[in-house]
Each structure stands twice: as C-alpha cells, then as structure tokens.
Amino acid sequence: MNKTYAPALLLALLPLAAPAAVPTYDFKVVRSYPHDTQAFTEGLLYRDGVLYESTGLNGKSSIRKVDLASGKVLQTKDIPPQYFGEGITDWGDTLVGLTWQTQTGFVFDLKTFEMKSQFAYPGEGWGMTHTGKELIMSDGTATLRFLDPKTFLEVRRIKVTADGIAVDQLNELEMVEGEIYANIWHTNTIARIDPASGKIVGWIDFGKLYPDAGKGPNGENVMNGIAYDAEKKRLFVTGKLWPKIYEVKIVPRK
C-alpha cells in the first residue's frame, strides 16, 4: 500500500507483547538473492522454478516473471496507469491480480501475460493467494474473503483474530503448509493464520531481517512479499523496494 493515513495497528498483539497463547517464532536466513530496488512489491509467488511478482503505485504497477538466482526480470507487463496494482496469485494457467481502490481485478495468461478478463469486487484489494479450491483476498481489514475462482464471487469470509481480538492491516498472503501467512502492513511481522477459524496460531518476528525497512521514502519500503516453494519447502520473503529476497527458515523462539 501507499496509504496516506496511519494504520490502526494492534500493537499489543505484535511479537514483543504477544499473548503466551500465540507463540512467536524467529527465523534463520538460508540464502539471499538480488531484488529490484525499483519494485514496489505487492504480491509474490513461486512456481515452476521462477518468481512471479506484482508491483504497485499508479503509473508504475506491473506483473513480472523473475529469475530467483539473478533477480533478472524475464518478462513484464505494465498495468494501465489508472490502476494501483496489488496482490497476485496463480490459478491454473493464469495469474489473478487485484488493484487497490478501483475495485477491479485482472486475469492474465500465465505464459504470455496477455490480459484475458477482468472482474469487480467491493472495497479495496490488498493481498491474494489460494487454497487450491478457493481464491483468498485481503482488503486491509481483519477480514479475509474466499472467492469462487470461476465467478470471483465471495463464497465465505473469516475474521482474523488473536486471542479473540481482531487483527487488521492484513496485506500480502501466501498459503504455506495449510496455513495462511500474512504480512501485517507497516510491521516486520508475519501472522500464521488457521484458514478454517481465522485464529492466528503464530507470529513470525522479522525485525532483524532488514534494518532499513520503513526508513525509505515516505516510510513505505516495508516488508511485503511472501512466496513458498512447496516442492522443496523453501520460504522466501522480501519488501517494497528492498535490495534482496531472503530464503528463510522459521525456528521456535528460545
């Protein structure tokens, strides 16, 4: 996001003060890879040996195919300048992407990036992933919406909570081993969410990953971007305008 208002973060729920019932995890960096420092990352996913990334900002939004090892952009398509690109996910032979405040989503051909269709939804679009049966989108609130991948109509929703308290500012999403991982906007925290109940079952504290997070122009170079290689069980994270993508291993906090 490039919001002009301050997020109403539930500070009491972040890792340093997280209730004992919700465990906090740390991380180890396995390896780092180059990342385009001009990429205002909104969505990230790993498929078939490459990364797919969506970037934001009006007039600068795009979808990209990226070589992980080198960071080289292999293929790109600009989003029309009136749209602020948001999260993306793959579905079959397509990429499905959201826009921030224009209530418009796009479906692109995975190979050619040709725009195949578009769809509408109420409210804002932030992050996106899927369960294999349903698409999941965030909208900046504590609600995650589950969409029919054929009609893009909402079929159900969950309220994300930690110890019964709603947690909003849910941004980029990724399904990881049956859990929804969600960036909490303007923080270095990822929430691990049970997709059935909406309950947060763990926090991952990335406060020590990139010290310059949030210190760039307008403070918007924040952590955002989660991708998972299910075959090799590799987790990747990055941020808007960050110079690196990090392969990380999640470990219990000692």
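## Strands, pockets and a buried isoleucine

In the protein chain, take the contacts between residues at least 6 apart in sequence: 52% of these join residues at least 24 apart. Keep in mind as you look around that this is a predicted model.

### The whole chain

What is the chain built from? The protein chain has 22 strands and 0 helices. Its radius of gyration is 17 Å, close to the 18 Å that the globule rule gives for 254 residues, so the chain is as compact as a globular protein of that length. Along the principal axes, the C-alpha atoms fill a box of roughly 50 × 40 × 40 Å.

Of the 254 residues, 56% are buried. The chain also has an accessible surface of about 11100 Å², and carbon and sulfur atoms account for 52% of that surface.

### One residue up close

Now find Ile158, which sits in strand 13 (residues 154-159). Is Ile158 buried or exposed? Its relative accessibility is 7%, and because buried means under 20%, Ile158 counts as buried. Leaving aside neighbours within four places in sequence, Ile158 is in contact with Ala142, Thr143, Leu144, Phe146, Asp194, Pro195, Ala196 and Gly198.

### Pockets and a cavity

| Space | Volume |
|---|---|
| Largest pocket | about 340 Å³ |
| Second largest pocket | about 170 Å³ |
| Largest cavity | about 60 Å³ |

Start with the largest pocket, which is lined by 19 residues; Tyr46, Asp90, Glu174, Tyr228 and Ala230 lie nearest its centre. Strand 2 (41-47), strand 6, strand 10 (128-130), strand 16 (170-176) and strand 20 (223-229) each supply at least two residues of this lining. By type, the lining of the largest pocket has 8 nonpolar, 5 polar and 6 charged residues.

The second largest pocket has a lining that includes Thr37, Phe40, Lys60, Arg64, Asp78 and Leu241. That lining divides into 3 nonpolar, 5 polar and 3 charged residues.

How many cavities of 30 Å³ or more are there? The count comes to 3. Among the residues lining the largest cavity are Ile63, Ile79, Glu86, Leu98, Phe106 and Phe108. Strand 4 (62-66), strand 6 (85-91), strand 7 (94-99) and strand 8 (104-109) are the elements that give two or more residues to that lining. The lining of the largest cavity divides into 6 nonpolar, 5 polar and 1 charged.

Methods: Residues are numbered from 1 along each chain as its sequence is written. This is a predicted model: local features need pLDDT of at least 70, side-chain atom pairs count only at pLDDT 80 or more; totals for chains, interfaces and linings use all residues. Side-chain values use heavy atoms; hydrogens and water are left out. On a 1 Å grid over the protein atoms alone, a cavity is a set of points where a 1.4 Å probe fits but cannot get out, and a pocket is an open set with protein on both sides within 12 Å along at least five of seven lines; lining residues have an atom within 4 Å of a point. Grid points are joined across faces, edges and corners, and a volume is the space filled by probe spheres set on the points. Helices (H or I, at least four residues) and strands (E, at least two) are DSSP runs, numbered from the N terminus. Ala, Val, Leu, Ile, Met, Phe, Trp, Tyr, Cys and Pro count as nonpolar, Asp, Glu, Lys and Arg as charged, and the others, Gly among them, as polar. The radius of gyration is taken over C-alpha atoms; the globule rule is 2.2 Å times the number of residues to the power 0.38. Buried means under 20% relative accessible area, exposed over 50%, partly exposed in between (1.4 Å probe, protein chains only). Contact means heavy atoms within 4.5 Å. Accessible areas come from the Shrake-Rupley method with a 1.4 Å probe; for residues, only the protein chains shown count as cover.
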